[in-house]
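Subject: Structure handover

Hi,

Here is the structure I promised to pass on. Please open it first, then read the notes below it.

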Amino acid sequence: MSSLTHKHIVLGISGGIAAYKAAELTRLLVKAGAEVRVVMTQGAQEFITALTLQALSGNSVHTELFDLEAEAAMGHIELARWADLILVAPASANTIARIAQGRADDLLSTLCLATEAPIMLAPSMNRVMWNNPATQQNCHTLKDLDIRLIGPASGAQACGETGEGRMEEPEVLLNAVASHFQTGALAGLKVVVTAGPTREAIDPVRYISNRSSGKMGYALARSAREAGAEVTLISGPVHLQPPEGIACVRVETAEEMLDASLKAVDGCQVFIATAAVADYRVAQPADQKHKKTQEDWSLELRRNPDILAQVAQRPDAPFTVGFAAETQQLEDYARDKLVRKRLNMIAANKVGQGLAFDQDDNALEVFWPEGHQSLPMQSKDRLARSLIALIAKRLHSSDNIIDIQHAKN
Ligand SMILES: Cc1cc2nc3c(=O)[nH]c(=O)nc-3n(C[C@H](O)[C@H](O)[C@H](O)COP(=O)(O)O)c2cc1C
């Protein structure tokens, strides 16, 4: 499974002799599915050309902090927000010192200061530079700042000496980045996710549906998989490819989604209902195409089954997470739905023009019986990772722990 699909990686390259290995690293990251944006220090450009990295990453390379064109397209703050992870490889002694000091006097150091994404550094330098107490002190500071160091490795060095200070090989760095996203928080558990809209036929060519794109549900399925779960995705009609390593059941109507859900939740521990299921279906869909003969045309609609409530009210109900799309009074409606349907958690989002449906970004207010957490506006992929982490945390809390142990046994 290419675990970096949809991941935004900023690869910082500083001025060390191992900069040439950053080309191979870029290639491996791209091959693993990541979107890579390369940032080079002035020093790095003495060792390898931006052109090489541009060709390998498929994106223009960022080199300047004060750059009118870059700021008009993807400026430094935007790039800092875009990143799911910043990897600096090679990290020179100088760049390590600047990041440890919180300096912001070039693009790479500014990004490291301006991001909320995790940062990993792959130190690379001569063994004496590495063992110098100043460098060691800087590395201690970095660890205190929750910045992770990968390596350095020991061995023959470009300067002809042997010792500690070699940059870890690109494959090792790739694995470190990939394992960052594989949290294992849902390891050994079965998770079912519903996604997308349903379609309710009016006649053989027309249907009632809604604007759900399925992006949130697909991102949640992917994140649950990365967290180690065995995932079944029950999807209404959308234009998305099912994520790798996930069993995907395609359905069209609410009734089909109900059947598929009831089958899939048997023995599952988490059910996440992201699908925007049509509340009503046409009472009697026509066998033939309806002709445009009358001035007015009324359709009789019938209530669709409530999939979420049916799952949540089973005696062996999994940890059930609902979604509420509201245009107003978000908390009131969400909390009401949480209690009425006996859910373990509900993620509420505001919908309306330009919000939630078919957008790449979203924000969620998440409620559970004893608490609440806001997940601010961010990409649906990142939002999905935060929500999966929150679900795992609630699931492993003392109230729910017995059920999980039962599931794992
Ligand atoms: C040929 C050569 C090789 C170098 N290799 C390294 C290296 O491997 N690691 C390192 O920390 N510095 C190395 N340096 C020194 C850095 O390039 C220098 O400290 C530079 O200011 C780093 O800038 P930067 O961190 O902004 O990229 C090397 C310098 C030269 C001339």
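What follows is a short account of what turned up, from the whole chain down to single residues.

**Overall**

Keep in mind that this is a predicted model. The chain has 409 residues, and 44% of them count as buried. Its secondary structure comes to 16 helices and 19 strands. Along the principal axes, the C-alpha trace spans about 85 × 55 × 35 Å. Take the contacts between residues at least 6 apart in sequence: 69% of these join residues at least 24 apart.

The domain assignment gives domain 1 as 8-181 and domain 2 as 190-408. Their centres, taken over C-alpha atoms, are separated by 39 Å.

**Helix packing: H1 with H10**

Helix H1 covers residues 21-31, and helix H10 covers residues 170-181. Their axes come within 9 Å and cross at roughly 40°. Angles from 35 to 65 degrees fall between roughly parallel and roughly perpendicular, so H1 is oblique to H10. The crossing is right-handed. On the H1 side, the contact is made by Lys21, Glu24, Leu25, Leu28 and Leu29. H10 brings Pro170, Glu171, Leu173 and Leu174. By class, that is six nonpolar, no polar and three charged residues.

Val172 also lies in H10. Is Val172 buried, exposed or partly exposed? Partly exposed: 14 other C-beta atoms lie within 10 Å of Val172. The buried class needs 20 or more, and the exposed class needs 12 or fewer, so a count of 14 falls in between. Thr135 is 37 residues away from Val172 along the chain. The C-alpha atoms of the two are separated by 22 Å.

**Helix packing: H1 with H3**

H1 also packs with helix H3, residues 50-57. Here the axes come within 9 Å and cross at roughly 15°. Angles under 35 degrees count as roughly parallel, so H1 and H3 are roughly parallel to each other. The crossing of H1 and H3 is right-handed. Ala22, Ala23, Thr26, Arg27 and Val30 in H1 meet Thr52, Leu53, Leu56 and Ser57 in H3. The contact of H1 with H3 divides into five nonpolar residues, three polar and one charged.

**Helix packing: H6 with H9**

Helix H6 takes in residues 93-100, and helix H9 takes in residues 133-144. They pack at an angle of about 45°, with their axes 9 Å apart. That makes H6 oblique to H9. Which hand does the crossing of H6 and H9 have? It is left-handed. From H6, the contact uses Ala93, Ile96, Ala97, Ile99 and Ala100. From H9, it uses Thr135, Asn138, Cys139, Thr141 and Leu142. The contact of H6 with H9 has seven nonpolar, three polar and no charged residues.

**Backbone points to check**

Most residues other than glycine have a negative phi, and most peptide bonds are trans.

- Ala89 to Pro90: the peptide bond is cis, with omega near -5°. Pro90 lies in strand S3, residues 85-91.
- Gly151 to Pro152: a cis peptide bond joins the two, and omega is about 5°. Pro152 is in the loop between strand S5 (148-149) and strand S6 (153-156).
- Asp146: phi is positive, about 70°, although Asp146 is not a glycine. Asp146 is in the loop between H9 and S5. Asp146 is exposed, because 8 other C-beta atoms lie within 10 Å and the exposed class takes 12 or fewer.
- Gln329: phi is positive, about 40°, and Gln329 is not a glycine either. Gln329 is in the loop between strand S16 (319-326) and helix H14 (330-340). With 9 other C-beta atoms within 10 Å, Gln329 is exposed too.

Over to you.

Best wishes

Definitions and conventions. Residues are numbered from 1 along each chain as its sequence is written. This is a predicted model: local features need pLDDT of at least 70, side-chain atom pairs count only at pLDDT 80 or more; totals for chains, interfaces and linings use all residues. Helices (H or I, at least four residues) and strands (E, at least two) are DSSP runs, numbered from the N terminus. Two residues are in contact if their C-beta atoms, placed from the backbone, lie within 7 Å. Axes are lines fitted to C-alpha atoms, for helices over the stretch in contact, and angles run from 0 to 180 degrees between N-to-C directions. Angles under 35 degrees count as roughly parallel, over 145 as roughly antiparallel, 65 to 115 as roughly perpendicular and the rest as oblique. A crossing is left-handed if the near helix is turned anticlockwise from the far one by less than a right angle, and right-handed if clockwise. Ala, Val, Leu, Ile, Met, Phe, Trp, Tyr, Cys and Pro count as nonpolar, Asp, Glu, Lys and Arg as charged, and the others, Gly among them, as polar. Domain bounds come from an automatic or database domain assignment.
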